[in-house]
Protein chains: 2
Amino acid sequence: MEKYSRNQRVSAITKILMENPNKIINLIYFTELFNAAKSTISEDLVVIKDIMNRLHTGRVETITGAAGGIRYIYGISDEDSKKFVEGLCENLRKSERIIPGNFLYLIDIMYNPEIIYKSGIILASAFSNKHVDYVVTVETKGIPLAYEVARILGVKLVIVRRDNKVTEGPTVSINYISGSTKRIQTMSLSKKAIKKGSKCIFIDDFMKAGGTGLGIINLLKEFESTILGIGVLIDDVSICEKLVDKYVSIIQYKGVDENQVAIVSSTKMIK
Amino acid sequence: MEKYSRNQRVSAITKILMENPNKIINLIYFTELFNAAKSTISEDLVVIKDIMNRLHTGRVETITGAAGGIRYIYGISDEDSKKFVEGLCENLRKSERIIPGNFLYLIDIMYNPEIIYKSGIILASAFSNKHVDYVVTVETKGIPLAYEVARILGVKLVIVRRDNKVTEGPTVSINYISGSTKRIQTMSLSKKAIKKGSKCIFIDDFMKAGGTGLGIINLLKEFESTILGIGVLIDDVSICEKLVDKYVSIIQYKGVDENQVAIVSSTKMIK
């Protein structure tokens with residue numbers, strides 16, 4: 001059988017861990033893949049754990065017991081996180097972002113994989129110590145971010161629709177009132193989408209009053225499931241009264257100043 | 001300054017390459033990060049290139065010249081790809097997938113990060129030698145797949161809407177005729193979303209007659225941009241006459257047999 005050097009194994013194991021975030025991988029998988037002793041693989045893992053600790057780019061946990069193994073948890077250093085959020089605030093302050101009606105043009109940010117990847121790591125970190133079954137979002141703008149958080153947490157994504165689709169089978173629909181516009185809206189979800197008794201987090205791009213979040217909490221009650229937490233990229237703090245109380249955000253938005261520049265800052269929880 | 005061992009550098013460089021797919025990274029970035037000579041980093045890269053070649057999990061390219069450096073291209077071995085597609089076909093054959101109207105329930109597949117990640121690598125591989133500016137999709141079911149392909153190709157995602165949103169600023173809308181139902185539908189895209197003269201690929205979850213793909217080609221004409229190629233996860237080959245001619249798919253779907261089982265097989269182009 002083929003043999004591999006430590007350097008080669010270390011590179012390959014790093015890649016496999018990154019491709020399987022939050023999943024427990026038994027060491028037997030690696031001993032068989034590399035035709036190496038368990039002690040050898042353990043030494044490889046010490047190297048990987050050590051460099052990840054030094055660069056603060058996630059961590060490798062060891063789970064003991066019969067169903068044990070190792071598990072990679074994505075992470076980002078405080079320095080990188082701070083630099084990223086400051087850069088994003090700078091980007092949001094561009095005057096061409098203000099579009100008619102004093103809305104903030106965010107499409108390019110919400111659909112930019114580089115930004116969404118880092119935002120996903122930051123938001124996922126807030127929930128990595130919880131047992132999450134599903135990441136839930138509402139179409140459309142928050143989908144890439146919610147997908148990235150789900151991928152990083154190693155769980156499935158659920159997308160709530162604003163209409164009914166015949167290709168989704170029987171659905172459960174609820175009406176909810178948008179917190180900012182006070183209009184009645186509908187959201188629906190396929191009955192097959194979530195198992196009873198699931199624990200979910202709700203991820204979205206932008207929070208105004210939190211009416212959508214509250215709607216999701218009520219929709220999930222129909223599935224006998226609960227929301228463990230809420231995470232958004234941007235929180236509109238010009239709306240003080242929120243319909244949901246516990247949530248995390250990356251950026252706080254306070255509206256547009258007299259020079260047509262968005263007033264944004266890093267949320268304090270994100271160092 | 002801190003020093004790192006070869007093992008540690010190899011792990012960290014592997015991680016950085018995977019986090020920056022298709023981006024040219026100058027070796028100076030690594031020499032500064034690890035306080036190491038260029039020749040040392042080059043030797044580290046030989047290790048990484050070698051193991052990726054051996055395991056067929058992507059490749060590291062060297063780009064010479066002033067703007068040169070190295071670039072990581074995601075990949076998947078033929079063996080892994082085959083195993084993955086066969087497993088997916090098996091999954092699609094579950095009888096509980098057939099929902100009223102003889103539709104195939106696909107939500108759990110399209111929103112499963114493990115499946116979407118591998119499908120994304122397979123589809124992205126078909127376009128990795130082309131200069132792609134944007135990955136375009138239409139809401140909703142294809143968004144996670146299109147996002148993953150965009151991330152893997154290191155380019156931005158564009159999501160075409162079926163309605164107009166005030167928060168997207170001025171939009172360009174077109175009407176198109178669905179190839180299978182012959183109904184007139186609308187699609188719209190923010191004027192800011194795509195730069196003139198861009199080259200795009202269209203990624204979607206499911207192709208029937210290809211009416212949506214043709215609509216996207218026409219919509220992009222309004223942006224003086226073109227489609228380089230089309231990639232879908234599932235191609236409904238029971239509809240023989242397609243409105244688009246060049247596309248790649250992973251799985252072919254031929255309808256439902258008398259036992260209420262989906263007739264699916266691996267598309268020949270995917271070994």
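Good morning. I shall begin with one residue, A:Asn35, which is exposed, because 11 other C-beta atoms lie within 10 Å and 12 or fewer count as exposed. The model before us is a predicted one, and every value I give is computed from it.

A:Asn35 sits in the loop between α2 and α3 (38-55) of chain A. Its phi is positive, about 50°, although the residue is not a glycine. A:Asn22 belongs to the loop between α1 (6-19) and α2 (27-34) of chain A. How exposed is A:Asn22? A:Asn22 is partly exposed, with 17 other C-beta atoms within 10 Å. To place these residues in context, most residues other than glycine have a negative phi, and most peptide bonds are trans.

Which residues of chain A does a cis peptide bond join? They are A:Glu139 and A:Thr140, with omega of about 10°. A:Thr140 lies in the loop between β5 and α7 of chain A. In chain B, the bond from B:Glu139 to B:Thr140 is cis, with omega near 10°, and B:Thr140 is placed in the loop between β5 (134-138) and α7 of chain B.

Let us now step back to chain A as a whole. Its secondary structure comprises 8 helices and 12 strands. The C-alpha trace spans about 65 × 50 × 30 Å along its principal axes. Of the 271 residues in chain A, 45% are buried. Among contacts in chain A with a separation of 6 or more, 63% are between residues 24 or more positions apart.

Helix α6 (residues 113-125) has 13 residues and reaches 18 Å from its first C-alpha to its last, close to the 18 Å expected at 1.5 Å a residue. Because 11 of those 13 residues are buried, α6(A) is largely enclosed by the rest of the structure. Its buried residues include A:Ile115, A:Ile121 and A:Leu123.

Helix α8 (residues 211-221) of chain A is mostly covered as well, with 9 of its 11 residues buried. Among them are A:Leu214, A:Ile216 and A:Leu219. What covers the buried residues of α8(A)? The cover includes the chain A strands β5 (134-138), β6 (156-160), β7 (171-177), β8 (184-190), β9 (199-207) and β10 (226-236).

The same surface serves both copies, since 100% of the contact residues of chain B recur in chain A.

The contact draws 44 residues from chain B and 44 residues from chain A. On the side of chain B that touches chain A, α1(B) gives the most, with 9 residues. The residues of that side divide into 24 nonpolar, 11 polar and 9 charged.

Within this contact, the axes of α7 (residues 143-153) of chain A and α7(B) come within 10 Å and cross at roughly 75°. That angle is why α7(A) is roughly perpendicular to α7(B). The residues that make this contact are A:Ile143, A:Pro144 and A:Tyr147 of α7(A), together with B:Ile143, B:Pro144 and B:Tyr147 of α7(B). By class, the contact has 6 nonpolar, no polar and no charged residues. Thank you for your attention.

Definitions and conventions
Residues are numbered from 1 along each chain as its sequence is written. Chains are lettered from A and ligands numbered from 1 in the order in which they are written. This is a predicted model: local features need pLDDT of at least 70, side-chain atom pairs count only at pLDDT 80 or more; totals for chains, interfaces and linings use all residues. Two residues are in contact if their C-beta atoms, placed from the backbone, lie within 7 Å. Helices (H or I, at least four residues) and strands (E, at least two) are DSSP runs, numbered from the N terminus. Ala, Val, Leu, Ile, Met, Phe, Trp, Tyr, Cys and Pro count as nonpolar, Asp, Glu, Lys and Arg as charged, and the others, Gly among them, as polar. Axes are lines fitted to C-alpha atoms, for helices over the stretch in contact, and angles run from 0 to 180 degrees between N-to-C directions. Angles under 35 degrees count as roughly parallel, over 145 as roughly antiparallel, 65 to 115 as roughly perpendicular and the rest as oblique. The expected span of a helix is 1.5 Å times one less than its number of residues. A residue is buried if 20 or more other C-beta atoms lie within 10 Å of its own, exposed if 12 or fewer, and partly exposed in between; C-beta atoms are placed from the backbone.
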